[in-house]
Amino acid sequence: MNIYDVVIVGAGPVGLATAIGLYKRGITNILVVDRTRAFRRVGQGLDLLPNGLKALKYIDFDSYEAVKQFGISQPNGNSKKREWAVRNLKGEEFRSSSLQYDDWFKIYGEGKKTISWYDLQTTLRNQLPSDLVVANRRCVNLVEESDYVRIDCLCNAKIEANPYAYWHENNTEDEDKDIEVITQSIGAKLVVAADGINSTIRQILYKEDNCSAFAQPEYSGYVAISGSATEISEDIAEDVETTFLQGNPIVTIFNNEIDRDSDAQDRPRIMMFSRDLTFNYLIHLPLPKQQLNENSGQALINLTVEQLEKADFPVSIQQLVSKSNADSMAKRLYYLHRATISDSISFPSTAEINNNNNTEQKEPIWNKGRVVLVGDAAHGMPPFAAQGANQGLEDAATISTLIANLAANNNWDNTEAISESFLKYEKLRRPMMVKIQEATLKPFAFLSGEEREKYNREVYSRNLEKIISSLV
Ligand SMILES: Cc1cc2nc3c(=O)[nH]c(=O)nc-3n(C[C@H](O)[C@H](O)[C@H](O)COP(=O)(O)OP(=O)(O)OC[C@H]3O[C@@H](n4cnc5c(N)ncnc54)[C@H](O)[C@@H]3O)c2cc1C
């Protein structure tokens, strides 16, 4: 069995960025494993915002340049306007933000780019020697040995739908026929768990009684419904174009009469863009899970229209959705790992961790022994603030710096130094995640004006390089 310095489980953006950070800092005895049978085009489009791009630049300049080259600024080439408008139910704009890299750069010292999950994965994967990133290894168990961790992986495991992470998985039965499932074990001095919101490693770490409640992601209360409508009457198309799109390449439509004391953003909102006579949309609906079980196709259209009607959305929008192509309908439930569930965050000391004397903890921390959680595995959340991958890149920048420091001091077997480093990572990252999740789940995220600008500056304008370098 090979023993690597670091094994990263999960070749999503955060796992790969961590691997690049380590590799470029001279830690080359590493391996990234991913459960996918083969790397293929799955996943949604992502906005990389100034903080995420700054983190990537700090991780590795070449990767940052490659991602910037690949990313686009404008989702729809036909439109002359360059803003994403947010409008209320009457079509009045109450906020807009530029889609152009340069406009963001001028304000926050870094820009914004849009890239698909797969293109981001591929671009990052190409920055590493190809033999360091292997597919077809699904991590199913971890065993703590005296001076390393054994990671058991299944090869040729059946491809299962992964509704937590992707819209679709091509789960053809043929692919799963006549295959021999084999187990392979890999050893690692340190394990970085970047296996996404439905993290297997998180479930293994938290399976003890006092932590088991935090093992699985919690349903956030929101479902995303995507669809497209082509065959709609000219009247409806005209009304939607003139009242809502108004020449913007993309628009969010939302009831902005926010009562700050009310429960979260408990109202539907629509993101919409039109291309080649087709209206495409993504609707976020606050709905209990039980209402969603078997809905697809026409039933999903009916449910969505019913919810829009209930929330007083204009008739033209309801009609547009009711004319959607049933085949185009897809739904995806959003899940969450809360960064905090107690009133205040109290971190155990390194000594308490090493003595296993942390029974007082209200919530489990993001590491155990030689294993540390990053990205969605630590703090996955609905994408309303477009921060999941961006925050994950900040994790990757932080943890790769701290592991590189452990390596520089040859501390691979110094358990105290390891847990001290992992705690430093969490003490920096967790309070930020509390703030981001709050913005994600409260009406705050939809406010405009000064309050919004203050949040933007706090998140985007930080000097990450200085903050992270000061940890070592
Ligand atoms: C609709 C939507 C829009 C979004 N928009 C944005 C946005 O605009 N901006 C933004 O920053 N974020 C956005 N996000 C969030 C973003 O996609 C995630 O936060 C990000 O992908 C998390 O990266 P990750 O590497 O931690 O996990 P993932 O991207 O989930 O990657 C996890 C990887 O681990 C692998 N894996 C899982 N289990 C195992 C196992 N047992 N063994 C081995 N490998 C395993 C998976 O195959 C996968 O490759 C959006 C999310 C959604 C759903």
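This is a predicted model: local features need pLDDT of at least 70, side-chain atom pairs count only at pLDDT 80 or more; totals for chains, interfaces and linings use all residues.
Two residues are in contact if their C-beta atoms, placed from the backbone, lie within 7 Å.

**Leu471 and its surroundings**

Leu471 lies in the segment that follows helix 16 (464–469). When residues up to four places away in sequence are left aside, Leu471 touches Thr401, Leu402, Lys424 and Leu428. Is Leu471 buried, exposed or partly exposed? A residue counts as buried if 20 or more other C-beta atoms lie within 10 Å of its own, and as exposed if 12 or fewer do. Leu471 has 14 such atoms within 10 Å, and it is therefore partly exposed.

**The protein as a whole**

The protein contains 16 helices and 17 strands. Of its 472 residues, 41% count as buried. Among contacts between residues at least 6 apart in sequence, 76% join residues at least 24 apart.

Strands of a sheet pair through backbone hydrogen bonds, in either a parallel or an antiparallel manner. In this model, 7 strands form an open sheet with the order 5-4-12-13-14-11-15, and the pairing is mixed. Strand 5 (93–98) and strand 15 (330–336) are the edge strands, each of which pairs on one side only. From one strand to the next, the twist averages 20 degrees. Helix 9 (residues 297–310) packs on the sheet, where it touches strand 11 (218–229), strand 14 (278–286) and strand 15. The direction of helix 9 makes about 70 degrees with that of strand 14.

Within the sheet, strand 4 (residues 83–87) and strand 12 (residues 250–254) pair in the parallel sense over 4 bridges. Trp84 stands opposite Ile250 in strand 12.

**The shell around the ligand**

Which residues come nearest to the ligand? Of the 33 residues around the ligand, these are Gly10, Gly12, Gly196, Gly375 and Gly388. Helix 1 (13–24), strand 3 (45–48), strand 8 (138–144) and helix 13 (388–408) are the elements that each give two or more residues to the shell. The largest share, 4 residues, comes from helix 13. The table divides the shell by residue class.

| Class of residue | Number in the shell around the ligand |
|---|---|
| Nonpolar | 14 residues |
| Polar | 13 residues |

Key. Residues are numbered from 1 along each chain as its sequence is written. Two strands pair if DSSP finds at least two bridges between them. Axes are lines fitted to C-alpha atoms, for helices over the stretch in contact, and angles run from 0 to 180 degrees between N-to-C directions. A residue is near a molecule or strand if its C-beta atom, placed from the backbone, lies within 6 Å of it. Ala, Val, Leu, Ile, Met, Phe, Trp, Tyr, Cys and Pro count as nonpolar, Asp, Glu, Lys and Arg as charged, and the others, Gly among them, as polar.
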